Amino acid sequence: MIASYNPAQIGDVLVVVLGPDNGPQQVDQRDQIVEIKDQNGNVIGYNFFAAQALLPELADQNGQVDLTPEEVQQLNQQLQAAGFEANLPETETSKFIVGYVKEMKEHPKSSHLHITTTEVEAGRTLQIVSGSPNMQEGIKVVVAEVGAMMPDGLMIWPSTLKDVESDGMICSGRELRIPNAPDKPGALILPDGYEVGQPFDFKQAQTLF
């Protein structure tokens, strides 16, 4: 689940994204809430209009919003009152994880893409296609898992790059907007002190460069 609030661009609307937008949409508005479904009938998001009336703390927000369990519960109450059946998840784990590149091979249809097998927790790996020129086996990296919103607003969903599936993205320091990160392509290679499978600590990373 990704929540964002950008009053300068779209007004007093809290946008909650639950899944990727893949083609035609079905839209159902009730009261101040719009439910959005994909062409298969799966709920992929909600727009909450007059959002500050629901959550006054949004007045100080701009961009991605980290909703508290209490705020999610309040939104769910509004969904139920409007007659919608779906509920927003009340607990969310970080989508930015410390990963470890276990294997890497060259993409068969590209001279600059690499296919990695990247561990994101014990016993769980992701296949991630990366164009980072410094990609190699045996490094610790930051993985934006499916469902993450990058600092620039890009949302990460499963993708296919030249016929190879990719579930997530290995990030550069520049993409993560870490202060003084090199302004050039390349995965952020983390020091050994970072633990694989743990959420990436953006505050700790402020002094990486």
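Buried means under 20% relative accessible area, exposed over 50%, and partly exposed in between, with a 1.4 Å probe and protein chains only. R177 is exposed, because its relative accessible area is 55%. The model is predicted, so that local features need pLDDT of at least 70 and side-chain atom pairs count only at pLDDT 80 or more, while totals for chains, interfaces and linings use all residues. Residues are numbered from 1 along each chain as its sequence is written, and side-chain values use heavy atoms, with hydrogens and water left out.

R177 is found in the segment after β13 (169–170); strands here are DSSP runs of E with at least two residues, helices are runs of H or I with at least four, and both are numbered from the N terminus. Although R177 is not a glycine, its phi is positive, at about 60°. D163 also is not a glycine and has a positive phi, of about 75°. D163 lies in the loop between β11 (159–161) and β12 (164–166) and counts as exposed because its relative accessibility is 60%.

Now turn to helix α3. Its 13 residues, 69–81, reach 18 Å from the first C-alpha to the last, close to the expected 18 Å, which is 1.5 Å times one less than the number of residues. E71, V72, L75, N76 and L79 are the buried residues of α3. They line one face of the helix, because they fall within an arc of 140° seen down its axis, the arc being that of the directions from the axis to the C-beta atoms. These buried residues pack against β2 (13–17), β4 (33–37), β5 (43–49) and α2 (51–54), where contact means heavy atoms within 4.5 Å. The face turned away from the buried side carries the exposed residues E70 and A81. After α3 comes G83, with a positive phi near 95°.
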